[in-house]
Amino acid sequence: MLNANTERLNELQAAIDALPRIPLANLPTPLEHCPRMSAEVGGPTLWVKRDDLTGLAMGGNKTRMFEYVLGQVKADGMDTVVGGAAVQSNYCRQLAAACAKAGLDCHLVLRRVRGEKDDQIQGGILLDLVVGAHVTVVDAPRWPELGELVRAKAEELSNQGKKVFTARVGNESGLGLYAVSYAAAAIELVKQAEELDLKIDELWLCSSDTTQAGLAVGLKHMESPIKLVGVPALPEPVMPGWTFEECIGSIANESAELLGLSTRLDPSELISLTDYVGPGYGVMDDTHREALRLVGRTEGLLLDPVYTSKMVSGLLDHIRTGRISGDENIVFLHTGGLPALFAYNEELHLTLEVTT
Ligand SMILES: Cc1ncc(COP(=O)(O)O)c(C=O)c1O
């Protein structure tokens, strides 16, 4: 194979297949060529892996993850899930939809990050409500404080006799299981590339932890030469005092252990480019807006304002400054997040010609 060792791929697949899983995602997601975007930037040949099309309440990377996480929750006989993140959280939107599909009661505690704009029923939070989640919006200064509120909600429901699974950010353990789904996605990608006779040089994505961890452990186990480049959307990891590479490496190793594989990653083997976050999590700058509009204008493809537009701004910067050469094949992973676009109408700085 062009991008992996076949024997190692089969070994990884067998280890993944041994875990409980419920089918939630539309797989495989397409791998699409971006000829007009490639021509516009005058650089490498660009491809997009469409994980925005995984399904569940408008898709995204978490849908793959909940196949394994809720597979285990169901296997353990739980009936209720409590989770939390920012108000426009894609994790929570897909969790809510996954719970609906799996027949689990879902409670979300969501943190305001954009002031009173976050009190509007718009974007992701609208979808949370449509798929039947019980939603509370709170002020929490940082992620650890939100975690406490999520755990308090879980305790309240346990005291009522529910069998509760506490999800992120109330429970930051078991992240290796989330990442397993992206080791599986790495297999999916190298198989698709094989069919296209495509040798991938680099795979870019926006991630601060589980997505990159899964791809990293999957690619390393398969002895793949693909260079993995992560761009976080947060200025610092959810785990205080850690670097992104340490977080991602530790989740990757937890994942390998869970799969019974001897592959391990050292933080020094990982790339996490923190230069493209801009003013802060969930806040766009002009480079993010430019990336979003360039991809929209050239490929008719929608990026999201919080994650993928930041990653593509980094990719464009690397192309324009010659750090990626014209003869390379670059795949970028679209991890979803599209419902937030509608809640970011002002931040996109779009103008409309209106006649009276
Ligand atoms: C659209 C989108 N892209 C990327 C990510 C990053 O995923 P992670 O840091 O869990 O790997 C998220 C996480 O919420 C997301 O919603």
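Keep in mind that the model is predicted, so local features need pLDDT of at least 70 and side-chain atom pairs count only at pLDDT 80 or more, while totals for chains, interfaces and linings use all residues. Residues are numbered from 1 along each chain as its sequence is written. The chain holds 12 helices and 9 strands, taken as DSSP runs numbered from the N terminus (helices are H or I with at least four residues, strands are E with at least two).

**Overall build**

- A compact globule with 356 residues would have a radius of gyration near 21 Å, and the chain's 20 Å agrees with that. The radius is taken over C-alpha atoms, and the globule rule is 2.2 Å times the number of residues to the power 0.38.
- The C-alpha trace spans about 65 × 60 × 35 Å along its principal axes.
- Of the 356 residues, 52% count as buried. The label buried needs 20 or more other C-beta atoms within 10 Å of a residue's own, exposed means 12 or fewer, and partly exposed is in between, with C-beta atoms placed from the backbone.
- Among contacts with a separation of 6 or more, 78% come from residues 24 or more positions apart. A contact here means that two C-beta atoms, placed from the backbone, lie within 7 Å.

**Ligand shell**

- Which residues are closest to the ligand? They are Asn90, Ser207, Thr211, Thr335 and Gly337, in a shell of 16 residues. Shell membership takes a C-beta atom, placed from the backbone, within 6 Å of the molecule.
- Helix 4 (90-102) and helix 8 (210-221) are the elements that give two or more residues to this shell. Helix 8 gives the most, with 3 residues.
- By type, the shell residues divide into 3 nonpolar, 11 polar and 2 charged. For the classes, Ala, Val, Leu, Ile, Met, Phe, Trp, Tyr, Cys and Pro count as nonpolar, Asp, Glu, Lys and Arg as charged, and the others, Gly among them, as polar.
- Why does the ligand lie between the two domains? Domain 1 (6-59 + 174-343) and domain 2 (61-166) both give residues to the shell, so the ligand lies between them.

**Domains and where they touch**

- The chain is divided into domain 1 (6-59 + 174-343) and domain 2 (61-166), with bounds from an automatic or database domain assignment. Their centres, taken over C-alpha atoms, are separated by 24 Å.
- Across the boundary, 33 residues of domain 1 are in contact with 31 residues of domain 2.
- On the domain 1 side, helix 7 (175-195), helix 8 and helix 12 (339-343) each supply at least two of the touching residues. Helix 7 gives the most, with 6 residues.
- That side of domain 1 divides into 21 nonpolar, 10 polar and 2 charged residues.

**Strand pairing**

- Strand 1 (residues 31-33) and strand 2 (residues 45-50) run antiparallel and are joined by 3 bridges; two strands pair if DSSP finds at least two bridges between them. His33 has Trp47 of strand 2 as its bridge partner.
- Strand 2 also pairs with strand 9 (residues 329-334), in the parallel sense and over 6 bridges. Here Thr45 stands opposite Asn329.
- Strand 3 (residues 80-86) and strand 4 run parallel with 7 bridges, and Gly83 has Leu108 of strand 4 as its bridge partner.
- Strand 4 (residues 105-111) has 6 of its 7 residues buried, so it is largely enclosed by the rest of the structure.

- Asp128 sits in helix 5 (residues 124-130). It counts as buried, with 27 C-beta neighbours inside 10 Å. Leaving aside neighbours within four places in sequence, its contacts include Cys92, Arg93 and Leu108. The C-alpha atoms of Asp128 and Leu108 are separated by 8.6 Å, and the two are 20 residues apart along the chain.
- Met78 lies in the loop between helix 3 (61-75) and strand 3, and is partly exposed with 17 other C-beta atoms within 10 Å. With neighbours within four places set aside, Met78 is in contact with Val73, Lys163, Val164 and Phe165.
- Asp266 is in the loop between helix 9 (244-258) and helix 10 (286-299). Is Asp266 buried or exposed? Asp266 is exposed, because 11 other C-beta atoms lie within 10 Å.
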